[in-house]
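Me: I would like to learn how to read a model of this kind feature by feature. Could you take me through it, giving the general idea before each case?

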Amino acid sequence: MCEVETGVQILHRLSSRLSSSVTCLDPNLFPDGGPSKGEMVEIFGESNCGKSMLVLELIAKIILPEHCGGHGIGAVFMNCDNNINMARLLNIMEKQIVNCSKPSSCNFDRQEIRRIRHESFARLTIIKCCTMDEFEFSLLTLNEIFIKNPLNVYLLIDSLTVFYWNKCTEKNLIRMDTYLRSLHSRMKKLCQERKIITIFTRPSYFGSSKESMLGDFECGTSVTETTGVASTSSSMAGAFTSTSSSYCLPVEHRIELAGIVSQTPGSDKKFNAFVTSKDKQCIRFFIIDAYGIDWLNC
């Protein structure tokens, strides 16, 4: 069915999204102040390194109101991997409400916390994809979803590659890299046309070839500017595992998560986030508890 809009409706829709401010989503991960509208963020890493947890952290940042440390804008979340525990999202939101509220002297009781979370959830659209057909249909409907709700600025997908094995069959062999490029092209077109930001996860095993990302930036190049810890990827090899030799998509921001190799006996398991943007790279360290991610170098 064709989507019919008047000129006034089109102008209102476009101006609403263009005028809604998008400030730095999280300074821990985006020291350059990003991401900006039309850009893509890849969260990449091994299993059980916090990819889905980081998605929940970012969702909370997006939908919570500004006086609670959030941005108070809308997001669409495609839950494809079914690794997301929505009860954990409630805990993460509670942590951010308590720790990031302004003024800092605010003391929220349980009822007020529930009210804030309830109002924030109204800004979140959740699409659960259990099959390849549901995933493909959801991709087709995303354009209409963002047209009808101009306050939705973010699209989050966990994980972008989960239905590859349904697509790649004995009669229809598809390279992982080819599959990634196809999905990336569709997502990038949506980002640019609707002026939105896409954040997606991908397991490190998915993809094979070593290609360039971020325009002239190539995987494995040395750090031109580092925030937090001054070191290149190669010199940090003893501190964390790196999978940067895998296939790299042309995204504006890439967050590689990994567990730290050397651990003190009895201590909480630590992870690192190796963040790459157009002109900066930085390393952040964190642990995961019942209330989500706890950044150690903030």
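This is a predicted model: local features need pLDDT of at least 70, side-chain atom pairs count only at pLDDT 80 or more; totals for chains, interfaces and linings use all residues.

Me: Is His71 buried or exposed, and which residues does His71 touch?

Reply: Burial is judged by relative accessible area, with under 20% counting as buried. His71 has 14% relative accessibility and therefore counts as buried. Leaving aside residues up to four places away in sequence, His71 touches Thr23, Cys24, Leu25, Lys61, Ile62, Leu64 and Glu66, and the side chain of His71 reaches the backbone oxygen of Leu25 at 3.3 Å.

Me: What share of the residues of the protein count as buried, and how should I read contacts with regard to sequence separation?

Reply: Of the 298 residues of the protein, 50% count as buried.

Me: How many residues of strand S7 are buried, and which strands are joined to S7 by bridges?

Reply: A strand can be read both by its burial and by its bridges to other strands. In strand S7 (residues 253–259), 6 of the 7 residues are buried, so S7 is largely enclosed by the rest of the structure. Strand S1 (residues 40–45) runs parallel to S7 and is joined to S7 by 5 bridges, with Leu257 in S7 as the bridge partner of Gly45. Strand S8 (residues 271–276), by contrast, runs antiparallel to S7, with 6 bridges between them, and here Ile255 has Val275 of S8 as its bridge partner.

Me: Which strands form a hairpin with 2 residues between them?

Reply: S9 and S10 form that hairpin. Strand S9 (residues 281–289) pairs with strand S10 (residues 292–295) in the antiparallel sense over 4 bridges, and Ile287 stands opposite Asp294 in S10.

Me: Turning to helix packing, at what angle do the axes of helix H3 and helix H4 cross, and which residues make the contact?

Reply: A packed pair is described by the approach of the axes, the angle and handedness of the crossing, and the residues that meet. The axes of helix H3 (residues 86–100) and helix H4 (residues 110–121) come within 10 Å and cross at roughly 115°, and H3 passes H4 in a right-handed crossing. On the H3 side the contact is made by Met86, Leu89, Leu90, Met93, Glu94, Ile97 and Val98, and on the H4 side by Arg110, Ile113, Ile116, Arg117, Ser120 and Phe121. The residues of this contact divide into 9 nonpolar, 1 polar and 3 charged.

Me: Finally, how are Ser138 and Arg181 to be read, given their helices?

Reply: Ser138 lies in helix H5 (residues 132–148) and is buried, with a relative accessible area of 6%; not counting residues up to four places away in sequence, Ser138 touches Met78, Ile127 and Cys129. Arg181 is found in helix H7 (residues 176–194) and, at 38% relative accessibility, counts as partly exposed. Arg181 and Cys248 are 67 residues apart in sequence and 9.9 Å apart in space, C-alpha to C-alpha.

Methods: Residues are numbered from 1 along each chain as its sequence is written. Side-chain values use heavy atoms; hydrogens and water are left out. Buried means under 20% relative accessible area, exposed over 50%, partly exposed in between (1.4 Å probe, protein chains only). Two strands pair if DSSP finds at least two bridges between them. Axes are lines fitted to C-alpha atoms, for helices over the stretch in contact, and angles run from 0 to 180 degrees between N-to-C directions. A crossing is left-handed if the near helix is turned anticlockwise from the far one by less than a right angle, and right-handed if clockwise. Contact means heavy atoms within 4.5 Å. Ala, Val, Leu, Ile, Met, Phe, Trp, Tyr, Cys and Pro count as nonpolar, Asp, Glu, Lys and Arg as charged, and the others, Gly among them, as polar. A polar contact is a pair of N or O atoms within 3.5 Å; within protein, one must be able to donate a hydrogen and the other to accept it, and residues adjacent in sequence count only if both atoms are side-chain atoms.
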